[in-house]
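I kept each entry to what I looked up.

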Amino acid sequence: MRSSNRNWLALGGAASLLASCGSEQAVAPPAPRPAPPLTAPAVADEPVKIGEPYSVGGKTYVPADPVNYDEVGYASWYGEEATGKPTANGEDFVPSAISGAHKTLPLPSYVEVTALGSGRTILVRLNDRGPFSDDKLIDLSRGAAEQMGITGDGAAAVRVRRVNPPEQEKALLRAHHRAPERIETPQPLLKVLRGRLAQVPASPPAQVQTARPVVQAIPVASSSSRAGASFDTPAPPVPKPVPKASTPAKPVSGSYVVQVAALSSQSRAEALARQIGARAVAAGSVWRVRYGPYPSQEAAQAGVKAAAAKGFANVRVMANDAR
C-alpha cells in the first residue's frame, strides 16, 4: 500500500512538473526573427578618392584626408534636380539615399551630421563635391535632409564630424537605406557647438538655399592604394548679367537657352535664378532655371560662361521651346 502511494505521488509530481513546463512554454515570448539579409549594395566604398586641387567659380579647393575632422557650419540640400547625374566619385545621384557633398573630404567618407537646432544626429555617406559657396559646409541629399527634418528653404546650422561606423551601418547607406539615428545630442554640448558656430562667418539660417552645381569627376592614376579624383573648372571672366525675371516668359521662336537646373519647387527655382542672374521658367510641374534666350548657339556660349562663373558645370545649350 505504501509502495502504491509512493507511485501515485511520483506520478502526480511528474504531472505537475510537466504542467509547469507547459505553462512556461506557453507564456515564453517567441524567438526573434533573424533580420533579412541586405540586398547587394548599389555602390562600393572602394576605391576611395581624394584627388588633386580643383577650381570652381574662381576658388581653389584642396582635398585632404583628416582623421579627426569636426566642424560646424551651415547645410543646404539638393534633390530631384540632380537625379541620375553622376556624383564626383562616379556614382549616380539618388535623392532618397542618405548621402552628401563636401568640398575636400575623401569620397566616400562617413560623417555624423548634427542639427544644432534640435540635436538630432544622423549618419551620412559623402559621395560628391560641393557646396561651392563660402557660407555652406555640406550639401545633403533630400533623403538625408528629410531624416534630419531640415527640408525647408533655409540653410540649417549643423555639426559635421567624420566617423568610422560599423560595417553594417555602412552597408545600409551603400544600399540607399537609413542607418539608425544617434542619441540626441545633450544640451550642454549643443551650447558649446552653437558657441563655435558664432565664430563661423556664414549666412543666417533664413537665407534660401540653392541647388548644388554638378561637378564632373575625372579619375587620375595613383601610385598608392587610393585612386584620386581631379576637378578643374577654371572660372572665365564674368559676363554682363542677364536681365532677371522670376516669372515665366514666353519662348522666343528659333532662339537658344542655357539650362542650369530643373527643380520641382518654384520658390527654390526663383531663388536660384535671382542669385545667378538667370530666369525661372515653368515647364509643366517642373521649373527650369535658364540663361537666355540667345539668337544662336554661338551666342549662347555667353550663358555657358556665366553658368561656369557661378560654379555650374555641364550645363546644356538647348532650343528655347520651354519643354
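The entries below go from the chain as a whole to its sheets, cores and salt bridges.

**Entry 1: ground rules and overview**

I am working with a predicted model, in which local features need pLDDT of at least 70 and side-chain atom pairs count only at pLDDT 80 or more, while totals for chains, interfaces and linings use all residues. Residues are numbered from 1 along each chain as its sequence is written, and side-chain values use heavy atoms, with hydrogens and water left out.

I found six helices and 14 strands in the chain, taking helices (H or I, at least four residues) and strands (E, at least two) as DSSP runs numbered from the N terminus. Of the 323 residues, 45% count as buried, where buried means under 20% relative accessible area, exposed over 50% and partly exposed in between, with a 1.4 Å probe and protein chains only. I also looked up contacts (heavy atoms within 4.5 Å): of those with a separation of 6 or more, 76% join residues 24 or more positions apart.

**Entry 2: the barrel**

I traced a closed barrel of six strands in the order β3-β7-β4-β6-β5-β8, with mixed pairing; two strands pair if DSSP finds at least two bridges between them. From one strand to the next the twist averages 45 degrees, with axes being lines fitted to C-alpha atoms, for helices over the stretch in contact, and angles running from 0 to 180 degrees between N-to-C directions. Strands β3 (residues 70-78) and β7 (residues 138-141) are paired in the parallel sense over four bridges, and within this pair I noted Tyr78 opposite Ser141 of β7. Helix α4 (residues 187-197) packs on this sheet, where it touches β3, β5 (109-115) and β8 (156-163), and its direction makes about 80 degrees with that of β3.

I then picked Leu189, which lies in α4 and counts as partly exposed at 33% relative accessibility. Its C-alpha atom is separated by 9.2 Å from that of Gly119, 70 residues apart along the chain.

Strands β11 (residues 256-263) and β13 (residues 286-294) pair in the antiparallel sense over six bridges, and Ala261 has Val289 of β13 as its bridge partner.

**Entry 3: the nonpolar cores**

I searched for nonpolar cores, meaning sets of buried Ala, Val, Leu, Ile, Met, Phe, Trp, Tyr and Cys residues joined through side-chain atoms within 4.5 Å. The largest has 29 residues, and Val113, Val124, Ile138 and Leu140 have the most contacts inside it. Elements giving two or more residues to this core include β3, β5, β7, α2 (142-148) and α3 (167-174). A second, separate core of 19 residues includes Val258, Ala261, Tyr291 and Val315.

Which residues does Ile138 contact, leaving aside neighbours within four places in sequence? Among them I listed Tyr74, Val111, Val113, Leu126, Val158 and Val160.

**Entry 4: salt bridges**

A search of the whole structure gave 14 salt bridges, each being a side-chain nitrogen of Lys or Arg within 4 Å of a carboxyl oxygen of Asp or Glu. Lys59 and Asp134 meet at 2.5 Å, N to O, and this pair links β2 (residues 59-61) to the loop between β6 and β7. Lys59 is partly exposed at 36%, whereas Asp134 is exposed at 60%.

In the pair of Arg161 and Glu112 the closest N and O atoms are 2.8 Å apart; Glu112 is buried, with a relative accessible area of 13%. Finally, I found Asp45, Glu91, Arg125, Glu167 and Arg174 linked in a network of salt bridges.
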